[in-house]
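Here are my notes on this one, written with the model open beside me. Have a look at the structure first, then go through the points below.

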Amino acid sequence: AIASIDWFVPDSAFRSPLKFSIRTMTSLEFPLATVQRLIKQAIPEGLQLAKETKIAFSRAAGVFVLYLTDAANEFCKASNRSTISAQDVLAAMEEIEMDDMIPHLNEFLTRFREEHEAKRKKKQEKAPSAPATPAAAAMPEPAAAAAAVSSSSGTLPAPMPMPSTN
């Protein structure tokens, strides 16, 4: 068994002391159940896979993620940013000559953004946006909260401390 993958990983992946501190093969493996499910979707029905084949796919997927991350990071650095964006990943896919996957990734990204936006809107609709009392609408937020409490219980809450002017 190979204990280290130094020869698989691009040199730039090890330049930062924070990146990839664990450099063993097992740290790069994807869950075998997930890998098996993905493989079964791609192969003809009835075809069997040896256990070591699943492990090989799992490790290859981990190495691919490192390789793609390194390529995307180069685009990120070229733009003087510290966060890798989806556009960096798409540019990296083109750089590593996997252009045929870009339309599929763009479609997925579009659907993901639409679903995320729909969830965000649904969450906003659930949040109460109207003030508790009509008088509270014209007051600043702390005063509106105090008015809501005083109108419901008949007593006023303790005053809030004033911020210091130092």
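1. The largest share, four residues, comes from α4. The space in this second largest pocket comes to about 150 Å³. By class, the lining has seven nonpolar residues, with no polar and no charged ones.

2. Now for the helix pair behind that pocket. Helix α3 covers residues 86–95 and helix α4 covers residues 102–126; they pack at an angle of about 170°, and their axes are 10 Å apart. How do α3 and α4 run relative to each other? An angle over 145° counts as roughly antiparallel, so that is the label for α3 and α4.

3. Which residues make the contact of α3 with α4? On the α3 side you'll find Ala-86, Gln-87, Leu-90, Met-93 and Glu-94, and they meet Ile-102, Leu-105, Asn-106, Leu-109 and Arg-113 of α4. That contact divides into six nonpolar, two polar and two charged residues.

4. On to the largest pocket, with a volume of about 310 Å³. Its lining consists of Phe-30, Val-35, Leu-38, Ile-39, Ala-42, Phe-57, Ala-60, Ala-61, Phe-64 and Val-65. The class count is 10 nonpolar, no polar and no charged.

5. The α1 and α2 pair has another geometry to look at. Their axes come within 9 Å and cross at roughly 100°. Angles of 65 to 115 degrees count as roughly perpendicular, and α1 and α2 are therefore described that way. From α1, the contact uses Leu-32, Val-35, Gln-36 and Ile-39, while α2 brings Lys-54, Ile-55, Phe-57 and Ser-58. That makes five nonpolar, two polar and one charged residues in the contact of α1 with α2. Val-35, Ile-39 and Phe-57 are part of this contact and line the largest pocket as well.

6. Finally, confidence. The chain averages a pLDDT of 74, and 60% of the residues score at least 70. Which elements have the lowest and the highest mean pLDDT? The lowest, 46, belongs to helix α5 (residues 141–153), and the highest, 93, to α3. The pLDDT is below 50 over residues 1–9, a stretch with 16 contacts in the model beyond near neighbours in sequence. Residues 143–160 are also below 50, and this stretch has 12 such contacts. Where pLDDT is low, the predicted coordinates should not be read in detail.

Note on methods:
Residues are numbered from 1 along each chain as its sequence is written. This is a predicted model: local features need pLDDT of at least 70, side-chain atom pairs count only at pLDDT 80 or more; totals for chains, interfaces and linings use all residues. Side-chain values use heavy atoms; hydrogens and water are left out. Axes are lines fitted to C-alpha atoms, for helices over the stretch in contact, and angles run from 0 to 180 degrees between N-to-C directions. Helices (H or I, at least four residues) and strands (E, at least two) are DSSP runs, numbered from the N terminus. Angles under 35 degrees count as roughly parallel, over 145 as roughly antiparallel, 65 to 115 as roughly perpendicular and the rest as oblique. Contact means heavy atoms within 4.5 Å. Ala, Val, Leu, Ile, Met, Phe, Trp, Tyr, Cys and Pro count as nonpolar, Asp, Glu, Lys and Arg as charged, and the others, Gly among them, as polar. On a 1 Å grid over the protein atoms alone, a cavity is a set of points where a 1.4 Å probe fits but cannot get out, and a pocket is an open set with protein on both sides within 12 Å along at least five of seven lines; lining residues have an atom within 4 Å of a point. Grid points are joined across faces, edges and corners, and a volume is the space filled by probe spheres set on the points. pLDDT is the predictor's confidence in each residue, from 0 to 100.
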